[in-house]
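Morning, everyone. I'll talk about cavities today. Here is the model.

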Amino acid sequence: MTQPVDMVEIWRGSVLESQHMGHAVVCDTSGQVVDAWGDLELVMLPRSSAKMLQALPLVESGAADAFGLTAEHLALACASHNAAQLHTDKVSAWLSELGLTDDAFRCGPQEPTDIHARDALIRANQSPCQYHNECSGKHAGFLTLTQHLAGGTEYCELGHPVQKAVLEAHEDMGGVTYTGHGIDGCSAPNFATTMSGLARAMARMAKGEDGTVRGQAAARLTKAMTTHPELVAGEGRACTELMRAMDHKVAVKTGAEAVFVAILPEQGLGISVKIADGGVRAAQCVIASLLVKYGALNAAHPVAKKYITGPIVNKSGLVTGERRPAASFLAA
């Protein structure tokens, strides 16, 4: 089947109000497809779900060790954070350690998602800086790598040594050759892949230590994410809550336009999800459902219930409906 399949339903009372269609693929560490829904070979942009792939050159080049980066640094390199003080303090310190200022970033300023941080800027009559950008950790990683490689300042350019290294890692991990790219919200190239290619890359991340430099780097990044889920996203975010609910054993990462991936080291699996209409609530429901299906997440855990069924509550606190996986999806 090459068309998206019915994955998530939104019910209000006894009425089916909305439906979300999508694609999902599960691969094992050998690169074989274990399960699939929709189009296996759909060409898509992974957006921020690929940040751990973009961070691989930072570790395997030796830059991370040369600059004394910790697991917290590596978690931030894979993050789409809320720009809470927890995040911005660490990114600012990292930038300072590189001997750089906010002007070195190429991600652009962004208003913090964290309400306290946003309100603090308003009270101080200050504008957001680039380190408030949700991708500033990734860009700090890029700046660290470009210093290590003695690259130029324009590290987001397609021909820059940093992006050449990212593309090579992207192709190798997913087994997909270059098929084009888009420019992400943070101005970095985002290399296209396929649904199966993205799941295969996550499965290779799950394989981790395999005696190769790349395998060691993958294991370090996955461990950093699961150890510090609060840095990967932030309080109230699905990535952070799901990783905590799975006892820090599984790494998950969302991307814009309803992409979601999971790295399951104990199960030896990688998962990719893409909702056709870009509905984030549906991507959260599907990834949580698949984590339950493959034994990584307890279906009875409050976080699992939150993202799989809701419920949907109105402003008066009344339960007005729920989201639920489509019966055909769960049965597949």
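What volume does the largest cavity have? About 60 Å³. A cavity here is a set of points on a 1 Å grid over the protein atoms alone where a 1.4 Å probe fits but cannot get out. Points are joined across faces, edges and corners, and the volume is the space filled by probe spheres set on them.

Some ground rules. This is a predicted model, where local features need pLDDT of at least 70, side-chain atom pairs count only at pLDDT 80 or more, and totals for chains, interfaces and linings use all residues. Residues are numbered from 1 along each chain as its sequence is written, and side-chain values use heavy atoms, without hydrogens or water.

The search of the whole structure gives three cavities of 30 Å³ or more.

Back to the largest cavity. Its lining (residues with an atom within 4 Å of a point) is Pro 46, Ala 50, Leu 53, Gln 54, Val 166, His 170, Pro 189, Asn 190 and Phe 191. Helix 1 (51-60), helix 7 (161-174) and strand 6 (189-191) each give two or more of these. Strand 6 has the largest share, three residues. Helices are DSSP runs of H or I, at least four residues; strands are E, at least two; both are numbered from the N terminus.

By class, that lining is six nonpolar, three polar and no charged. Nonpolar means Ala, Val, Leu, Ile, Met, Phe, Trp, Tyr, Cys and Pro; charged means Asp, Glu, Lys and Arg; the others, Gly among them, are polar.

Next, the second largest cavity: about 50 Å³. Its lining includes Lys 51, Gln 54, Lys 138 and Phe 142. Helix 1 and helix 6 (136-149) each give two or more residues. The classes here are five nonpolar, two polar and two charged.

Terms used. 1 Å grid on protein atoms, 1.4 Å probe; cavity = no way out; pocket = protein on both sides within 12 Å on 5 of 7 lines; lining within 4 Å.
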